[in-house]
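Please consult the sequence and the structure shown here.

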Amino acid sequence: MHINFPLLLVIAVAVTGLLALLDLLWLAPARRRAVNAYESSAPVVDPGTLQRLNKEPLLVEYGKSFFPVLAVVLILRSFLVEPFQIPSGSMKPTLEVGDFILVNKFSYGIRLPVLDTRIIPVGEPQRGDVMVFRYPNDPRINYIKRVVGLPGDRIGYADKQLFVNGEPVERELLRTVADDEVPAGHPLQALARVDIYQEQLGDAVHEARYKKVSQTPPAREWMVPEGHYFMVGDNRDNSNDSRYWSSADMPTELWGMVPDNYIVGKAFAVWMHWPEPKLKNLPSFSRVGLID
C-alpha cells in the first residue's frame with residue numbers, strides 16, 4: 001500500500017489553515033462580542049462564565065496549534081530539503097542499504113507540491129548527479145540512481161562498459177573484494193568477487209561496482225529525448241534502472257527515460273545509517289558525509 005504523503009500533508013495544511021482562518025474572521029470576533037455583551041449586562045462578572053465564552057472549539061484549537069508546524073514542514077519538505085531512506089543496494093558502494101539521506105529540492109528548480117511542476121527554474125541535472133525521482137513505470141515509488149544521460153545524449157552499454165555519445169566512460173580499477181550479495185551457504189560464496197572501479201561522469205568522480213561473474217546484458221544504445229534523463233545505479237549488475245525499464249503504456253523511445261516532472265531532487269548527504277532489522281540494531285553516524 002502506497003501512501004501519498006505529500007498529498008496528505010497539503011490536505012492537512014489546507015484544513016488546519018482553514019480552521020485558523022475561520023476562527024480569525026468569524027469565531028473569534030463572535031466570542032469577543034459575546035464576552036462584551038456579558039460584561040455589559042451582568043451585575044457581577046463570573047470568571048467561569050468568561051472562560052466558557054472565550055473558549056475555542058476543540059477542533060479549532062487543534063487546527064490553530066498544528067497549522068504553523070505543518071506549514072513549516074510542508075515548506076521545508078517541498079522546497080528545501082527532504083529526507084529519504086535507501087531501501088535497496090542498487091547504489092552500492094556509494095550508498096548502502098539503511099542509509100538515511102538528504103535530498104536538495106532546490107537544486108533543480110522550485111516545484112509545486114504533489115504536481116511536481118517546476119515553477120521557478122534554478123538549475124538542471126548534471127551528468128554524474130545522484131538524483132531521486134519517481135519511477136516512470138509506477139510514479140508512486142521513489143527511486144534513486146545516478147544521472148548518466150542528459151537530453152540529446154546517446155547512451156550505450158556493452159560488455160559492462162558505459163558509453164556516452166560514443167565515448168567510453170573513464171574508469172580505473174581500484175580493488176577487488178568479496179561479493180557480499182551472494183547468500184550465505186551458496187556454493188559460489190567463497191569464489192564470488194566484485195571489482196570496484198573509480199569512474200568519472202562529468203565532474204563527478206565516484207565508485208561503481210561490477211560483479212566478476214554475472215550475466216552480461218546484450219549491447220544496446222538509447223537516445224535520450226528532450227526533457228528526459230537516463231539513470232543508472234552504481235551497483236551495475238544489481239540495479240533496476242533505465243537499461244531495463246519498459247512499459248506497454250508508453251512509446252518505445254521513452255522506455256527507460258525519466259521525464260523532468262518526475263524529478264524529486266538531488267541527493268547530497270548521508271545523515272544516518274540504520275540497518276535492518278531496526279529493532280536489533282542501533283542507528284550509526286559512521287557514514288555521515290556528502291554524497292559523491
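**Strands, domains and local geometry**

Four strands form an open sheet in the order β9-β8-β7-β13, with antiparallel pairing. Strands here are DSSP runs (E, at least two residues) and helices are DSSP runs (H or I, at least four residues), numbered from the N terminus; two strands pair if DSSP finds at least two bridges between them. This is a predicted model, in which local features need pLDDT of at least 70 and side-chain atom pairs count only at pLDDT 80 or more, while totals for chains, interfaces and linings use all residues. Residues are numbered from 1 along each chain as its sequence is written, and side-chain values use heavy atoms, with hydrogens and water left out.

Reader: Which strands stand at the edges of the open sheet of four strands?

Author: In the order β9-β8-β7-β13 the pairing is antiparallel. Each edge strand has a single partner strand, so one side of it is left without a neighbour in the sheet. The edge strands are β9 (167–168) and β13 (220–223).

Reader: Which residue in β8 is the bridge partner of Tyr157?

Author: Strands β7 and β8 pair in the antiparallel sense over four bridges. Within β8, the bridge partner of Tyr157 is Leu162.

Reader: Which residue stands opposite Tyr197 in β12?

Author: Strand β11 (residues 193–201) pairs with strand β10 (residues 170–178) in the antiparallel sense over eight bridges, and Glu172 has Gln198 in β11 as its bridge partner. Eight bridges also join β11 to strand β12 (residues 204–211), again antiparallel. In β12, the residue opposite Tyr197 is Ala208.

Reader: Which residue takes a positive phi in the hairpin of β11 and β12?

Author: Strands β11 and β12 run antiparallel. Their hairpin has two residues between the strands, and the positive phi, near 65 degrees, belongs to Gly202.

Reader: Which residue in β16 stands opposite Asp99?

Author: Strand β2 (residues 99–104) is joined to strand β1 (residues 81–85) by five bridges, and the two run antiparallel; Pro83 has Leu102 in β2 as its bridge partner. Six bridges join β2 to strand β16 (residues 263–273), also antiparallel. The residue in β16 opposite Asp99 is His273.

Reader: What is the omega of the cis peptide bond from Glu276 to Pro277?

Author: A cis peptide bond joins Lys92 and Pro93, with omega about 0 degrees, and Pro93 lies in the loop between β1 and β2. Pro277 is found in the loop between β16 and β17 (289–290). For the cis bond from Glu276 to Pro277, omega is near -10 degrees.

Reader: How many residues apart in sequence are the parts tied together by Asp153 and Arg127?

Author: The structure holds 28 salt bridges (a side-chain nitrogen of Lys or Arg within 4 Å of a carboxyl oxygen of Asp or Glu). In one of them, Asp153 is paired with Arg127, the closest N and O atoms being 2.4 Å apart. Asp153 lies in the loop between β6 (142–149) and β7 (154–158) and Arg127 in the loop between β4 (118–120) and β5 (130–134), so the parts tied together are apart in sequence by 26 residues.

Reader: What area is buried between domain 1 and domain 2?

Author: The chain is divided into domain 1 (5–81) and domain 2 (87–170 + 201–207 + 214–290), with bounds from an automatic or database domain assignment. Their C-alpha centres lie 43 Å apart, and nine residues of domain 1 are in contact (heavy atoms within 4.5 Å) with 10 residues of domain 2. Buried area is the accessible area (1.4 Å probe) that two parts lose on being put together, summed over both. Carbon and sulfur atoms give 71% of the area, which is about 740 Å².

Reader: Which residues of domain 1 lose the most area to domain 2?

Author: Between domain 1 and domain 2 the count of salt bridges is zero. The residues that lose the most area together account for 60% of what the side of domain 1 buries, and they are Ser78, Phe79 and Val81.
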